[in-house]
Amino acid sequence: MNNQINLKEYIREIPDFPKPGILFRDITPLLAEPTAFQEVIDRLTDYYRDKKITAVLAAEARGFIFAAPLALALGARFIPIRKPGKLPFETRAFHYELEYGSDSLEMHTDSIHTDDRVLIVDDLLATGGTISACIELAKHTDAEVVGCAFLIELLFLQARHKMNGCDVFSLIQYDSE
């Protein structure tokens, strides 16, 4: 693995997207560069290799991009968390509040077991609402949430303090907008 790759160089900044005042961090240039994408999976694998992860959980959709190959690299199950009505089997839901309304996430009831050691993965940690919901879904099964992993963390939003004690690991950090 080549630890010399500066992953931040592969993140494109798009001002005023999806609305004025937001600086969007676009990961598609990183995904388009196989060496950089592989570097992300390698670094995450190295960090979690000895933590005995049995399940890697991610909310749709961008979290899936990193969680699925990471689950394979760790020899763990991949568990998709979806919006309501997207999963075909019996589900467990978690409803949560957002700044301007509410949302809900679901997972299959048989996807996580009480003895699982779960890693939750997403592309970006901003306000922490989605990841907090994923943590609650996992904890409903009495599984152990070992950590929360991100490609990007927006430190200035201080979401890691809202992660219910979850160990947070991020590869790229931004101190300001």
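Reader: Anything to know before we start?

Author: This is a predicted model, in which local features need pLDDT of at least 70 and side-chain atom pairs count only at pLDDT 80 or more, while totals for chains, interfaces and linings use all residues. Residues are numbered from 1 along each chain as its sequence is written, and side-chain values use heavy atoms, with hydrogens and water left out.

Reader: Great. How many residues does helix H2 have?

Author: Helix H2 covers residues 34-48, which is 15 residues. From its first C-alpha to its last, H2 reaches 21 Å, close to the 21 Å expected at 1.5 Å a residue. The expected span is 1.5 Å times one less than the number of residues. Helices (H or I, at least four residues) and strands (E, at least two) are DSSP runs, numbered from the N terminus.

Reader: Which residues of H2 are buried?

Author: They are Ala36, Glu39, Val40, Ile41, Arg43, Leu44, Thr45 and Tyr48. Buried means under 20% relative accessible area, exposed over 50%, and partly exposed in between, with a 1.4 Å probe and protein chains only.

Reader: Switching topic: what volume does the largest pocket have?

Author: About 1300 Å³. A pocket is an open set of points on a 1 Å grid over the protein atoms alone, where a 1.4 Å probe fits, with protein on both sides within 12 Å along at least five of seven lines; lining residues have an atom within 4 Å of a point. Grid points are joined across faces, edges and corners, and the volume is the space filled by probe spheres set on the points.

Reader: Which lining residues are closest to the centre of the largest pocket?

Author: Of the 35 residues in the lining, those are Arg62, Leu124, Ala126, Thr127 and Thr130. The largest share of the lining, four residues, comes from S7.

Reader: What's the lining like by class?

Author: The lining has 18 nonpolar, six polar and 11 charged residues. Ala, Val, Leu, Ile, Met, Phe, Trp, Tyr, Cys and Pro count as nonpolar, Asp, Glu, Lys and Arg as charged, and the others, Gly among them, as polar.

Reader: You mentioned S7. What does Asp123 touch there?

Author: Asp123 lies in S7 and is buried at 5% relative accessibility. Leaving out residues up to four places away in sequence, Asp123 touches Ile27, Arg62, Gly63, Phe66, Phe150, Leu151 and Ile152.

Reader: Now the cysteines: how many disulfides are there in the whole structure?

Author: A search finds one. This disulfide joins Cys148 to Cys166, with the sulfurs 2.5 Å apart; the definition is a pair of cysteine sulfur atoms within 2.5 Å. Cys148 lies in strand S8 and Cys166 in the loop between S8 and S9, so the pair ties together parts 18 residues apart in sequence.

Reader: Why is the disulfide right-handed?

Author: Because the torsion about the S-S bond of Cys148 and Cys166 is about 115°.

Reader: Are those two buried or exposed?

Author: Cys148 is buried at 0% relative accessible area, and Cys166 counts as buried at 11%.

Reader: Why is Cys134 too far for a bond?

Author: Because its closest cysteine sulfur, in Cys148, is 8.4 Å away. Cys134 is buried too, at 0% relative accessibility.

Reader: Last topic: where are the cis peptide bonds you found?

Author: One joins Phe17 and Pro18, with omega about 5°; Pro18 sits in the loop between strand S1 (12-15) and S2. Another joins Glu60 and Ala61, with omega about -5°, and Ala61 is in the loop between strand S3 (55-59) and H3.

Reader: Which non-glycine residues have a positive phi?

Author: Among them are Asp16, at about 60°, and Lys52, at about 55°. Asp16 is in the loop between S1 and S2 and is partly exposed at 49% relative accessibility. Lys52 is in the loop between H2 and S3 and is exposed, at 64%.

Note on methods:
Contact means heavy atoms within 4.5 Å.
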